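Subject: Structure for you to look at

Hi,

Here is the structure I promised to pass on. Please open it next to this message, and my notes follow below.

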Amino acid sequence: MHPITVVLTEGYSDWEIAPLCGAGRAFYRAELRFVSPKGGALKSAAGLSIAETGRFEAPDDGVVVVCGGPAFEADDGLDIGQKLRQSRESGCVIAGICGGTIALARASMLDDVNHTSNGPDYLKNYVEAYSGTGRYVDEPRAVRDKDIITAPAPAPASFAREVLVAAGLDPQKAEELENMLGAEHSN
């Protein structure tokens, strides 16, 4: 499998990436790299401390995952667009969940692909230059179009599936994972 670079920020929404990171590493031996815009220590929304993250640099291959969190919604919203664009130009798949989709919109990555987020007006509220409204899909699950994966906050299982498939996991195994994670919600 290709490596998965997970971009975290202070207050990141740990539940959004838990199925991807936990099951990805434990069941499928996914290579996970945890980075942040400046590197260093972080604390999740739940208070989980991470002693050290690497500084986000554009990888040459794999999948770049932007985890949601309040940092992207702040007035001075983090801008990691240049590194996301470099990653995409190198052949990486770019994925964002919840507030992470704001980073993709700021990088103009959602203008010409089908995508989703936390509601039809969410991206417009935080990204003045967002022009992908016509490609927005109001979908409660992850959406993949070409080399872009997006998901709303309550879709960590389908997001994990899409990211793991993009990293090279057999699609049937990834579907089994999603089904297992969602089993408690089925009738």
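**The cores**

The largest nonpolar core has 34 residues, and among them Ile 4, Val 63, Val 65, Phe 159 and Val 163 touch the most other members. By nonpolar core I mean a set of buried Ala, Val, Leu, Ile, Met, Phe, Trp, Tyr and Cys residues joined through side-chain atoms within 4.5 Å. Buried stands for under 20% relative accessible area, exposed for over 50%, and partly exposed for the range in between (1.4 Å probe, protein chains only). Two or more residues of this core come from each of strand 1, helix 1 (14–28), strand 6 (63–66), strand 7 (93–97), strand 9 (148–151), helix 5 (156–166) and helix 6 (171–182). A second, separate core of 24 residues includes Val 66, Leu 110, Leu 123 and Val 127.

Before going on, please note that this is a predicted model, in which local features need pLDDT of at least 70 and side-chain atom pairs count only at pLDDT 80 or more, while totals for chains, interfaces and linings use all residues. Residues are numbered from 1 along each chain as its sequence is written, and side-chain values use heavy atoms, with hydrogens and water left out. Helices (H or I, at least four residues) and strands (E, at least two) are DSSP runs, numbered from the N terminus.

Two residues show the packing in detail. Leaving out neighbours within four places in sequence, Val 65 is in contact (heavy atoms within 4.5 Å) with Ile 4, Thr 5, Val 6, Val 7, Ile 17, Leu 20, Ala 95, Phe 159 and Val 163. Thr 5 sits in strand 1 (residues 4–7) and counts as buried because its relative accessibility is 3%. Beyond residues up to four places away in sequence, Thr 5 touches Arg 33, Val 35, Pro 59, Val 63, Val 64 and Val 65.

**The sheet and its helices**

Seven strands make an open sheet in the order 5-2-1-6-7-9-8, with mixed pairing; two strands pair if DSSP finds at least two bridges between them. Strand 5 (54–55) and strand 8 (143–145) are at the edges with a single partner strand each, so one side of each has no neighbour in the sheet. Strands 6 and 7 pair in the parallel sense over 4 bridges, and Val 64 has Ile 94 in strand 7 as its bridge partner.

Helix 1 lies across strand 1, strand 2 (32–36), strand 6 and strand 7, at about 145° to strand 2. Helix 5 lies across strands 1, 6, 7, 8 and 9, at about 170° to strand 7. For these angles, axes are lines fitted to C-alpha atoms, for helices over the stretch in contact, and angles run from 0 to 180 degrees between N-to-C directions.

**Helix 2**

Which residues of helix 2 (residues 81–89) are buried? They are Gly 81, Leu 84 and Ser 87. The face turned away from the buried side carries the exposed residues Gln 82 and Glu 89. Just after helix 2, Gly 91 has a positive phi of about 105°.

Happy to go through any of this with you.

Best wishes
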